Amino acid sequence: MQTSKLKTLMIYRYLEKYSDDENPVSTSELISMLAENGVKAERKSIYADVQALKAVGCDIISVRSPKSGFVMASRDFEIPEIRLLIDAVSAAGFITPNKTKALISKLENLLSENQVKALRSQVYCENKNKCDNEEIYYVIDALDTAISRKSTVKFTYKRRNIDKENRKSYTEKKFTVSPYALIWKEDHYYLVCNVSKYDNLLNLRLDRMKRVEILDEPIRPVTDLPEYKNGFDVADYTSKIFNMFSGARDTVRLRCALDLREQMLDRFGSEIPLNAVDTEHFETVIEVSVSDGLASWIMQFGSDIKVIEPVYLADMVADKAKAISEIYK
């Protein structure tokens, strides 16, 4: 590459890395940076390079306060957007500590050095809830490919053992499944799939998977499952499951304390009915997957939610409450 073209690209990189609204890079500083990399430049050529970059769409401006220089005025991502992405990566339990660090470093490269320094003082990364499966990127890629190809997959699924000495050991189980969708929910990544001998959907965590293999076998169509014979909508499915427990779909009527209207709307959407019962309660009707996860979710609200229908769900909640009461006697 010709030196003049190389110089223009180097100036772009310097401005991207070192300049921001509070830290313009002067012409003298650019000349010094270029010299450190063996490229000689005059002030006039710096201005010409900046104009060339602006001509191809780079948003570079000249400023005079607090000091004179050039600033990369706009970037693909602003600081709040990078902060949001870093927080999401830090919170994601399925990303290992090593990959969390590497991803955050890549995100930081989208900002100037001074912006990164300011950001690092505000970001906290908790590692104790992170998974240790360094295959996670491969797992995600392989499953995504299998879903696109409509191919079955085989993998090893790992679960932590429990023993009196608290020794860290695992049980491994082989699965062959038809994959349908990937869901990020409750800080974990899940595969929605089916084991051919059953007629239900299964939700399995990606961070517990290893040795994923794409097979030359077509998936079982999701419409073969009785509950999804009319089709499968990922967003609808995700909104109707609790704690990632799958279950039979049913219509549920709940009587709720008035203060829970926002929680109900946040959880089930603004289209659900809110029918007043008295000055302190309302009822709503929702279509959800009835499972142990739903019963546990309802119980967190204590006496503020009562299941009116179906009766079998009301019995599930009552039985769980009774079992909890028994262990505290």
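These are my notebook entries on a few spots I looked up in this predicted model.

**Ground rules**

I number residues from 1 along each chain as its sequence is written, and my side-chain values use heavy atoms, with hydrogens and water left out. Since this is a predicted model, local features need pLDDT of at least 70 and side-chain atom pairs count only at pLDDT 80 or more, while totals for chains, interfaces and linings use all residues.

**Confidence**

I checked pLDDT, the predictor's confidence in each residue, from 0 to 100. The protein chain averages 87, and 94% of the residues score at least 70. Confidence is lowest in helix 6, at a mean of 80, and highest in strand 11 (residues 305-309), at 96. My helices (H or I, at least four residues) and strands (E, at least two) are DSSP runs, numbered from the N terminus.

**Ser 112**

Where does Ser 112 lie? I found it in the loop between helix 5 (97-108) and helix 6 (113-120). Ser 112 counts as buried because its relative accessibility is 0%. My cut-offs for relative accessible area are under 20% for buried, over 50% for exposed and in between for partly exposed (1.4 Å probe, protein chains only).

Next I listed its contacts, meaning heavy atoms within 4.5 Å. Leaving aside neighbours within four places in sequence, Ser 112 touches Glu 16, Lys 17, Tyr 18, Ser 19, Asp 20 and Arg 75. With Asp 20 there is also a side-chain polar contact of 2.7 Å. A polar contact is a pair of N or O atoms within 3.5 Å; within protein, one must be able to donate a hydrogen and the other to accept it, and residues adjacent in sequence count only if both atoms are side-chain atoms.

**Strand 3 and Lys 154**

Strand 3 covers residues 151-160 and holds Lys 154. Seven of the 10 residues of strand 3 are buried, so the rest of the structure largely encloses it. Lys 154 itself counts as partly exposed, because its relative accessibility is 34%. Beyond its neighbours within four places in sequence, Lys 154 is in contact with Phe 175, Thr 176, Arg 211, Val 212, Glu 213 and Leu 215.

I then looked at pairing, which takes at least two DSSP bridges between two strands. Strand 3 runs antiparallel to strand 7 (residues 209-218), with five bridges joining them, and Val 153 stands opposite Ile 214 there. Strand 3 also pairs with strand 4 in the antiparallel sense, over eight bridges. In that pairing Lys 158 faces Glu 172.

**Strand 5**

Strand 4 (residues 170-185) pairs with strand 5 as well, antiparallel and over seven bridges. Lys 185 stands opposite His 188 in strand 5. The hairpin of strand 4 and strand 5 has two residues between the strands, and Glu 186 takes a positive phi near 55 degrees.

How many of the seven residues of strand 5 (residues 188-194) are buried? I counted seven of the seven, so strand 5 is largely enclosed by the rest of the structure. In a regular strand the side chains alternate between the two faces of the sheet. Here His 188, Tyr 190, Val 192 and Asn 194 are buried on one side, and Tyr 189, Leu 191 and Cys 193 on the other. Strand 5 is also joined to strand 6 (residues 202-205) by four bridges, running antiparallel; Val 192 stands opposite Asn 203.

**Aromatic rings**

My search of the whole structure turned up eight aromatic pairs. Tyr 228 and Phe 232 have ring centres 5.6 Å apart and planes at 85 degrees, so I logged the pair as edge-to-face. The rule: rings of Phe, Tyr and Trp (its six-membered ring) pair if their centres lie within 6.5 Å, with planes under 30 degrees apart stacked, over 60 edge-to-face and the rest tilted. Tyr 228 counts as buried because its relative accessibility is 6%. Phe 155, Tyr 157 and Phe 175 form one aromatic cluster.

I also looked for charges over rings (NZ of Lys or CZ of Arg within 6 Å of the ring centre and within 35 degrees of the ring normal). Lys 99 lies over the face of Tyr 137, at 5.1 Å from the ring centre. Lys 158 lies over the face of Tyr 170, at 4.3 Å.
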